[in-house]
Amino acid sequence: MGITLYTAPDCIRCRIVKAYLADKNIPYDTVDFKGDAQTFNTFYRANRKAIYRNPEGVEFPLFSDGEVVRQGSGEVLAYLLSGHAMEGCVTRSDMLHGKISGLYPTRCPDDQEDNFVTLVERLSAGGLEVWLQVDGRKPALLKRLLAVKNVHVILNAVGGPEFTEQTFGGCPTKEELAESISLVTGTPDGLVRFLAMPKEKDGAWIWAERADAEAAAKMVAAACGKPTLPFSIMAAVKEMPLDLHGLEPVTDQDLLMYRSAIRRHLFKADIVK
């Protein structure tokens with residue numbers, strides 16, 4: 001079975017994928033969800049579990065080759081470039097309109113770094129504002145990506161080395177983290193933040209604790225040597241492509257607790273909502 005691309009009118013993300021397929025001379029069929037609503041609805045009903053809806057509805061394009069369904073320009077291009085190899089580092093975007101996220105270069109397999117750069121170049125050249133999220137590892141790859149036009153970056157710190165390893169599948173060395181912080185803060189709108197994440201404790205899921213916030217700040221401060229580093233405090237939310245394990249949103253009291261702990265090491269830390 002060949003490739004079918006389900007698209008929407010005037011869809012910038014759809015144009016990016018179409019351009020890649022054309023450049024590689026890969027044949028495909030197109031179904032416009034408005035022009036051929038019956039065909040699209042049949043496909044949607046058959047693949048409902050594989051398709052997500054953001055606050056504005058279904059994100060296009062949708063891709064099917066008879067074996068897999070992929071959604072959004074990031075996930076579709078990643079599959080076309082590398083099959084399943086980049087599934088852990090390219091996920092759905094939680095940004096709409098002219099922005100795209102869901103891109104995690106620090107999780108990229110070593111043998112897929114060139115493909116990841118190609119992916120970001122394609123998204124940027126197609127007119128999207130690309131937002132990366134990193135955890136401090138792979139600063140050399142981050143440097144390559146920041147050389148691409150219209151690329152922005154957020155560095156997430158979630159806790160100490162053990163919790164970082166559990167959350168991201170790895171933890172940066174002090175040197176890697178220092179270089180990554182320098183790269184992020186060297187961009188006009190780069191953001192270094194504590195991201196409160198769920199954690200398992202005594203068989204139950206809870207939000208990050210005060211000790212996690214302080215450990216994250218301590219690790220960042222030790223790496224950069226700048227207690228005055230601007231440091232944002234945020235919590236994971238349901239719109240992010242994360243499993244929040246059914247937890248209620250973080251409370252204002254929790255955010256204040258995090259800020260108090262973090263300011264022991266990073267004086268300019270503040271809450272962002």
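Contact here means heavy atoms within 4.5 Å, and helices (H or I, at least four residues) and strands (E, at least two) are DSSP runs numbered from the N terminus. Axes are lines fitted to C-alpha atoms, for helices over the stretch in contact, and angles run from 0 to 180 degrees between N-to-C directions. In these terms, helix α1 (residues 12-23) lies across β1 and β2, and its direction is at about 155° to β1.

The structure is a predicted model, in which local features need pLDDT of at least 70, side-chain atom pairs count only at pLDDT 80 or more, and totals for chains, interfaces and linings use all residues. Residues are numbered from 1 along each chain as its sequence is written, and side-chain values use heavy atoms, with hydrogens and water left out.

Strand β1 belongs to an open sheet of four strands, ordered β2-β1-β5-β6, with mixed pairing. At its edges are β2 (28-32) and β6 (69-71), each of which pairs on one side only. Neighbouring strands of this sheet are turned by 20° against each other on average, direction ignored. Two strands pair if DSSP finds at least two bridges between them. Strand β1 (residues 3-7) and strand β5 (residues 62-64) pair in the antiparallel sense over three bridges; L5 has F63 in β5 as its bridge partner.

A further strand, β9 (residues 151-157), contains A157. This residue is buried (under 20% relative accessible area, with a 1.4 Å probe and protein chains only), because its relative accessible area is 5%. Residues up to four places away in sequence aside, A157 touches R193, F194, L195, A216, V220 and F231. Although A157 and A217 are 60 residues apart along the chain, their C-alpha atoms are separated by 7.8 Å.

Key: Buried means under 20% relative accessible area, exposed over 50%, partly exposed in between (1.4 Å probe, protein chains only).
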